[in-house]
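The following paragraphs guide a reader who is new to this structure. Please keep the sequence and the model in view while reading.

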Amino acid sequence: SSDLSVKEQIPMLQKLSKEFHIDILFDSTTFIKSTLHSVQFDLVLGCVLASLVVLVFLRNLTLTFVAAIALPVSIFGVLAIMGWSAQTLNLLTLTALTLSIGIIIDDAIVVIENIYKKLEEGYSRLQAAKEGVGEISFSILAISAMLLAVFIPIANMSGLIGRFFTSFGITIVAAVCISYIIVITLIPMIISLVAKPVHSAFYLKTEHIFLSLDQWYKTLLTKALHYHKTTLLGALAIFIISLMLSGNLGMVFIPKEDKSQFKISLSAPTGISMEAMKAQSLEIQKELLARPEIEYSSLSVGLNSAINEGAIFVKLVSIDQRHKSQQEIMNEIREQAKAYDSIEININETEDGGAGSEIVTPFQIILRAPDEARVEASAHKLMEHLKSISGATSIQSNIQEKSPQLSLKILSAN
């Protein structure tokens, strides 16, 4: 059936013959599913933790319940907009939903707290809801407009980066709009029905803690206002230090992740026989399989119709079954590879897509020249320079060395 996935069709193919065995060598969906499940868990955990924070500071179960209602209602509204705009539930949109929890709960807390203050002042529930929302509705609108000014350009980005972040920006923009509608309509309506200006026993027992925090903040604020020059100089010093520290931050388009798999490229001198290349490759693979972190590997010899090239796909055991990260294992193998002088070994991460070349590395240089000889000479000089840079690894070129040839000319007898 065409509705079956590739995994589901493997047993059917296996039944065709017992002379061969079919197994899955490379499966990128495992990492993708694990990442999605992790983000989904973070989304649920964020909702729970946000509700607990509201409970700790408001110390009122009814108000906490009202704030918690805003989360699923807003998320469902965002999902509706995502469906209308042809978005999907992927890693970026789920991450955007997780981040939007803070926006949603923040707006809800501001409205709930102001309405509750009106109830404590003696207003009726309906009047408190009207007055509480009316006082801060413009402030919430200004905050929402500021967030939209930041994320709308992201939703309209073009190019390669736009393909990644358009769905992220649309999701955040939808969350901001839905959140604003919820906090000025649904939340005041619910509070006007269920809220009571009565403090619980937990509230009364913990009130002295919050009063102490309030007094500490007032003291700190008074000193900051009194010593305004010191405050400004301190803020300036923190800003300068932050700029200095930011220079140590690395820059990368997509951060490295532990996918429990990587690729080893093998390149021997041209002219090597298939038997010799196979023997050296098997020796390297045997040494790899001796490591306890490696679950299995697959060896290919004669890549791209070149006998002197090979590749080993390495699959590691799951992260929870090993004590070393993928990068640590790759670095250790790089050190071991230095013992092989007769073959060039490069270790790279596996990628779903490269930059138009068979070599998949985070940094690539394309050389152009009027003729092949100049390209080869420039490539060799550049590689020697890159090898002298500390921290540079897996330096390789896609220039194929010419196989040694011997031409014979037979002179015919007169």
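A residue is called buried when its relative accessible area is under 20%, exposed when that area is over 50%, and partly exposed in between, using a 1.4 Å probe and protein chains only. The model is a predicted one, in which local features need pLDDT of at least 70 and side-chain atom pairs count only at pLDDT 80 or more, while totals for chains, interfaces and linings use all residues. Residues are numbered from 1 along each chain as its sequence is written, and side-chain values use heavy atoms, with hydrogens and water left out.

Along its principal axes, the C-alpha trace spans about 125 × 65 × 40 Å. Of the 414 residues, 31% count as buried.

Attention now turns to charged side chains. Side chains of opposite charge can pair when their charged atoms come close. A salt bridge is defined here as a side-chain nitrogen of Lys or Arg within 4 Å of a carboxyl oxygen of Asp or Glu, and by this rule the count comes to 9.

One of these salt bridges joins the side chains of K118 and E135, at 2.5 Å from N to O. The pair links distant parts of the chain, with K118 in helix α4 (residues 91–120) and E135 in helix α5 (residues 125–155), 17 residues apart. K118 is buried, with a relative accessible area of 8%, whereas E135 is partly exposed at 44%.

Which residue forms a salt bridge with E332? The partner is R291, and the closest N and O atoms are 2.3 Å apart. This pair also links distant parts of the chain: E332 lies in helix α11 (residues 326–337) and R291 in the loop between α10 (274–289) and β2 (294–301), 41 residues apart. E332 is partly exposed, at 28% relative accessibility, while R291 is buried, with a relative accessible area of 10%. Salt bridges that share partners join R291, E293, K324 and E332 into one network.

A further salt bridge connects the side chains of E335 and K338, at 3.3 Å from N to O; both of these residues are exposed.

Conventions: Helices (H or I, at least four residues) and strands (E, at least two) are DSSP runs, numbered from the N terminus.
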